[in-house]
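Colleague: Could you walk me through this model? I'd like to start with one of its sheets.

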Amino acid sequence: MNKKFEIKAHDGAGRLGKLENIETPNIINANLFKVANDEGVAYNIEKEIATWSVNRTVKKAKDFNGEIAILQGSKYIDLRIKCLKELEEIGYSGFIIANGDELLLRPRELVDLITNLRENMKPGSYLIFPMAECSFIPILSYLGIDGFLDDIGEYYSYLNVMMTATKNYDLDVYEIYKMNQEELLNCNKSTIDFVLREVREHMKNGTLRNLVEERAATSPQNMSLLKILDKDYQDYLQKYTQLY
(Lines give C-alpha, C1' and ligand atoms only; values in the text may rest on other atoms or scores of the structure.)
Protein backbone atom coordinates (compact mmCIF):
# COMPACT_ATOMS: atom_id res chain seq x y z
CA MET A 1 0.00 0.00 0.00
CA ASN A 2 1.34 3.45 -0.96
CA LYS A 3 2.34 5.83 1.81
CA LYS A 4 0.10 8.89 1.78
CA PHE A 5 1.64 12.20 0.75
CA GLU A 6 0.01 15.42 1.99
CA ILE A 7 0.88 19.00 1.02
CA LYS A 8 0.93 21.35 4.03
CA ALA A 9 2.06 24.59 2.36
CA HIS A 10 3.64 26.07 -0.76
CA ASP A 11 6.63 28.39 -1.07
CA GLY A 12 7.05 29.15 -4.74
CA ALA A 13 6.46 25.84 -6.45
CA GLY A 14 8.12 24.15 -3.48
CA ARG A 15 5.91 22.04 -1.25
CA LEU A 16 6.17 21.56 2.48
CA GLY A 17 4.59 18.17 2.95
CA LYS A 18 4.21 15.01 4.98
CA LEU A 19 4.92 11.51 3.75
CA GLU A 20 3.63 9.33 6.56
CA ASN A 21 5.86 10.54 9.43
CA ILE A 22 8.50 12.16 7.17
CA GLU A 23 8.38 15.95 6.81
CA THR A 24 9.32 16.86 3.24
CA PRO A 25 11.43 17.94 1.42
CA ASN A 26 13.64 15.31 3.02
CA ILE A 27 15.83 12.29 2.43
CA ILE A 28 13.76 9.38 1.19
CA ASN A 29 15.37 6.18 2.36
CA ALA A 30 14.80 3.77 -0.50
CA ASN A 31 15.25 0.83 1.90
CA LEU A 32 12.00 1.80 3.66
CA PHE A 33 10.00 1.79 0.44
CA LYS A 34 9.34 -0.80 -2.22
CA VAL A 35 11.18 0.64 -5.24
CA ALA A 36 10.21 -0.99 -8.51
CA ASN A 37 12.75 -2.38 -10.94
CA ASP A 38 13.34 -0.35 -14.08
CA GLU A 39 15.16 -0.48 -17.42
CA GLY A 40 17.67 2.33 -17.32
CA VAL A 41 19.46 3.82 -20.33
CA ALA A 42 21.77 6.78 -20.91
CA TYR A 43 20.40 10.34 -21.00
CA ASN A 44 21.53 11.36 -24.48
CA ILE A 45 20.20 8.40 -26.45
CA GLU A 46 18.06 7.80 -29.54
CA LYS A 47 14.33 8.14 -28.98
CA GLU A 48 13.60 4.58 -30.06
CA ILE A 49 15.83 3.22 -27.30
CA ALA A 50 14.37 5.67 -24.76
CA THR A 51 10.85 4.54 -25.73
CA TRP A 52 11.86 0.91 -25.23
CA SER A 53 13.26 1.85 -21.82
CA VAL A 54 9.97 3.50 -20.78
CA ASN A 55 7.86 0.55 -21.92
CA ARG A 56 10.10 -1.96 -20.14
CA THR A 57 10.17 0.18 -16.99
CA VAL A 58 6.38 0.40 -16.86
CA LYS A 59 6.05 -3.37 -17.40
CA LYS A 60 8.56 -4.15 -14.65
CA ALA A 61 6.85 -1.71 -12.28
CA LYS A 62 3.46 -3.29 -12.97
CA ASP A 63 4.80 -6.76 -12.23
CA PHE A 64 6.58 -5.56 -9.08
CA ASN A 65 3.66 -3.80 -7.33
CA GLY A 66 5.79 -1.34 -5.37
CA GLU A 67 5.47 2.18 -3.92
CA ILE A 68 8.15 4.16 -5.78
CA ALA A 69 9.02 3.86 -9.47
CA ILE A 70 11.77 5.28 -11.69
CA LEU A 71 10.89 7.91 -14.30
CA GLN A 72 12.75 6.96 -17.46
CA GLY A 73 12.57 8.73 -20.81
CA SER A 74 16.10 10.11 -21.18
CA LYS A 75 16.13 13.63 -22.72
CA TYR A 76 12.58 13.39 -24.11
CA ILE A 77 10.02 15.22 -21.96
CA ASP A 78 7.06 13.61 -23.75
CA LEU A 79 8.44 10.17 -22.82
CA ARG A 80 9.02 11.21 -19.21
CA ILE A 81 5.38 12.36 -19.00
CA LYS A 82 4.19 9.14 -20.66
CA CYS A 83 6.19 7.15 -18.09
CA LEU A 84 4.75 9.24 -15.24
CA LYS A 85 1.12 8.89 -16.32
CA GLU A 86 1.32 5.16 -16.98
CA LEU A 87 3.00 4.54 -13.62
CA GLU A 88 0.37 6.66 -11.85
CA GLU A 89 -2.32 4.65 -13.60
CA ILE A 90 -0.81 1.47 -12.16
CA GLY A 91 -0.95 3.02 -8.69
CA TYR A 92 2.49 4.50 -8.01
CA SER A 93 2.74 7.91 -6.34
CA GLY A 94 6.50 8.29 -5.67
CA PHE A 95 8.86 8.87 -8.59
CA ILE A 96 12.66 8.97 -8.78
CA ILE A 97 13.87 11.05 -11.73
CA ALA A 98 16.45 9.01 -13.62
CA ASN A 99 19.70 10.58 -14.94
CA GLY A 100 19.78 13.22 -12.19
CA ASP A 101 23.56 13.72 -12.41
CA GLU A 102 23.28 14.47 -16.15
CA LEU A 103 20.38 16.85 -15.65
CA LEU A 104 22.31 18.96 -13.14
CA LEU A 105 24.76 19.74 -15.95
CA ARG A 106 21.93 20.83 -18.27
CA PRO A 107 20.01 23.64 -16.48
CA ARG A 108 17.58 24.34 -19.32
CA GLU A 109 16.56 20.71 -19.67
CA LEU A 110 16.33 20.25 -15.91
CA VAL A 111 13.95 23.20 -15.46
CA ASP A 112 11.86 22.16 -18.46
CA LEU A 113 11.56 18.61 -17.18
CA ILE A 114 10.65 19.31 -13.56
CA THR A 115 8.09 22.00 -14.39
CA ASN A 116 6.44 19.76 -16.98
CA LEU A 117 6.34 16.80 -14.61
CA ARG A 118 4.80 18.91 -11.86
CA GLU A 119 2.15 20.28 -14.20
CA ASN A 120 1.18 16.79 -15.38
CA MET A 121 1.29 14.76 -12.17
CA LYS A 122 -1.43 14.19 -9.59
CA PRO A 123 -1.32 16.44 -6.48
CA GLY A 124 -0.75 13.42 -4.26
CA SER A 125 2.31 12.26 -6.21
CA TYR A 126 5.81 13.27 -5.22
CA LEU A 127 9.15 13.65 -7.01
CA ILE A 128 12.52 12.37 -5.78
CA PHE A 129 15.88 13.57 -7.12
CA PRO A 130 19.04 11.42 -6.90
CA MET A 131 22.66 12.59 -6.69
CA ALA A 132 21.85 16.21 -5.76
CA GLU A 133 24.74 18.20 -4.32
CA CYS A 134 23.83 20.31 -1.30
CA SER A 135 24.07 23.65 -3.12
CA PHE A 136 21.34 22.46 -5.52
CA ILE A 137 18.89 21.25 -2.87
CA PRO A 138 17.28 24.69 -2.19
CA ILE A 139 16.53 25.46 -5.84
CA LEU A 140 15.43 21.91 -6.60
CA SER A 141 13.02 22.15 -3.67
CA TYR A 142 11.87 25.56 -4.94
CA LEU A 143 11.24 23.97 -8.35
CA GLY A 144 9.05 21.29 -6.80
CA ILE A 145 11.22 18.32 -5.79
CA ASP A 146 9.84 16.65 -2.65
CA GLY A 147 12.54 14.15 -1.76
CA PHE A 148 16.20 13.35 -2.24
CA LEU A 149 18.32 10.21 -2.09
CA ASP A 150 21.43 10.43 0.10
CA ASP A 151 23.48 8.32 -2.32
CA ILE A 152 25.70 11.30 -3.16
CA GLY A 153 26.95 11.48 0.44
CA GLU A 154 28.24 7.92 0.21
CA TYR A 155 29.64 8.52 -3.28
CA TYR A 156 31.69 11.51 -2.14
CA SER A 157 32.92 9.75 0.97
CA TYR A 158 34.52 7.11 -1.29
CA LEU A 159 36.27 9.95 -3.15
CA ASN A 160 37.47 11.54 0.13
CA VAL A 161 35.36 14.62 -0.59
CA MET A 162 33.69 16.58 2.19
CA MET A 163 30.34 18.20 1.38
CA THR A 164 29.32 21.61 2.72
CA ALA A 165 26.15 23.61 2.13
CA THR A 166 27.77 25.62 -0.66
CA LYS A 167 30.65 23.59 -2.12
CA ASN A 168 32.66 20.38 -1.86
CA TYR A 169 36.26 19.93 -0.70
CA ASP A 170 38.69 17.25 -1.84
CA LEU A 171 40.38 16.47 1.47
CA ASP A 172 43.49 15.30 -0.36
CA VAL A 173 43.93 18.90 -1.54
CA TYR A 174 42.20 20.93 1.19
CA GLU A 175 43.26 19.29 4.45
CA ILE A 176 40.45 20.81 6.51
CA TYR A 177 39.89 17.63 8.52
CA LYS A 178 41.46 14.22 8.65
CA MET A 179 38.69 11.62 8.65
CA ASN A 180 38.35 7.99 7.78
CA GLN A 181 35.67 7.00 5.28
CA GLU A 182 33.03 6.22 7.91
CA GLU A 183 33.57 9.57 9.65
CA LEU A 184 33.42 11.39 6.33
CA LEU A 185 30.23 9.56 5.36
CA ASN A 186 28.58 10.62 8.63
CA CYS A 187 29.82 14.18 8.11
CA ASN A 188 28.35 14.30 4.59
CA LYS A 189 25.03 12.85 5.76
CA SER A 190 24.86 15.46 8.52
CA THR A 191 25.46 18.23 5.99
CA ILE A 192 22.67 16.97 3.74
CA ASP A 193 20.36 16.74 6.76
CA PHE A 194 21.21 20.31 7.81
CA VAL A 195 20.53 21.73 4.33
CA LEU A 196 17.15 19.98 4.17
CA ARG A 197 16.21 21.26 7.65
CA GLU A 198 17.27 24.72 6.48
CA VAL A 199 15.04 24.43 3.39
CA ARG A 200 12.02 23.30 5.40
CA GLU A 201 12.39 26.14 7.91
CA HIS A 202 12.66 28.68 5.10
CA MET A 203 9.49 27.20 3.59
CA LYS A 204 7.67 27.55 6.89
CA ASN A 205 8.72 31.20 7.06
CA GLY A 206 8.02 31.95 3.39
CA THR A 207 11.67 32.81 2.72
CA LEU A 208 12.86 29.94 0.53
CA ARG A 209 13.36 32.35 -2.37
CA ASN A 210 15.91 34.25 -0.27
CA LEU A 211 17.89 31.08 0.34
CA VAL A 212 17.70 30.13 -3.35
CA GLU A 213 19.12 33.51 -4.38
CA GLU A 214 21.96 33.19 -1.84
CA ARG A 215 22.92 29.76 -3.18
CA ALA A 216 22.64 30.82 -6.84
CA ALA A 217 26.19 32.17 -6.66
CA THR A 218 27.67 28.80 -5.72
CA SER A 219 27.93 27.50 -9.32
CA PRO A 220 27.19 28.56 -12.92
CA GLN A 221 24.60 25.77 -13.18
CA ASN A 222 22.81 26.98 -10.07
CA MET A 223 22.70 30.56 -11.36
CA SER A 224 21.49 29.37 -14.78
CA LEU A 225 18.68 27.36 -13.17
CA LEU A 226 17.36 30.43 -11.38
CA LYS A 227 17.66 32.71 -14.42
CA ILE A 228 15.84 30.24 -16.67
CA LEU A 229 13.13 29.71 -14.07
CA ASP A 230 12.59 33.45 -13.62
CA LYS A 231 12.67 34.25 -17.34
CA ASP A 232 10.55 31.44 -18.76
CA TYR A 233 8.43 30.11 -15.91
CA GLN A 234 7.02 33.10 -14.03
CA ASP A 235 3.46 31.78 -14.48
CA TYR A 236 4.53 28.47 -12.95
CA LEU A 237 6.07 30.22 -9.94
CA GLN A 238 3.21 32.70 -9.46
CA LYS A 239 0.64 29.91 -9.59
CA TYR A 240 1.91 28.60 -6.27
CA THR A 241 3.38 31.71 -4.61
CA GLN A 242 1.51 33.04 -1.60
CA LEU A 243 -0.09 36.49 -1.78
CA TYR A 244 0.53 38.83 1.12
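Modeller: Happy to. This is a predicted model, where local features need pLDDT of at least 70, side-chain atom pairs count only at pLDDT 80 or more, and totals for chains, interfaces and linings use all residues. Residues are numbered from 1 along each chain as its sequence is written, and side-chain values use heavy atoms, without hydrogens and water.

Colleague: What is the order of the three strands in the open sheet?

Modeller: Strands are DSSP runs of E, at least two residues, and helices runs of H or I, at least four, numbered from the N terminus. Two strands pair if DSSP finds at least two bridges between them. Pairing in this open sheet is antiparallel, and the order is β1-β2-β3.

Colleague: Which strands stand at the edges?

Modeller: Each edge strand has a single partner, so one side of it is left without a neighbour in the sheet. Those are β1 (5-11) and β3 (22-24).

Colleague: How many bridges join β2 to β3?

Modeller: Strand β2 covers residues 14-19 and runs antiparallel to β3. Leu 19 stands opposite Ile 22 in β3. The number of bridges joining β2 to β3 is three.

Colleague: Which helix packs on the sheet?

Modeller: One spanning residues 181-204 touches β1, β2 and β3, contact meaning heavy atoms within 4.5 Å. Its direction makes about 110° with that of β2; axes are lines fitted to C-alpha atoms, for helices over the stretch in contact, with angles from 0 to 180 degrees between N-to-C directions. The helix is α7.
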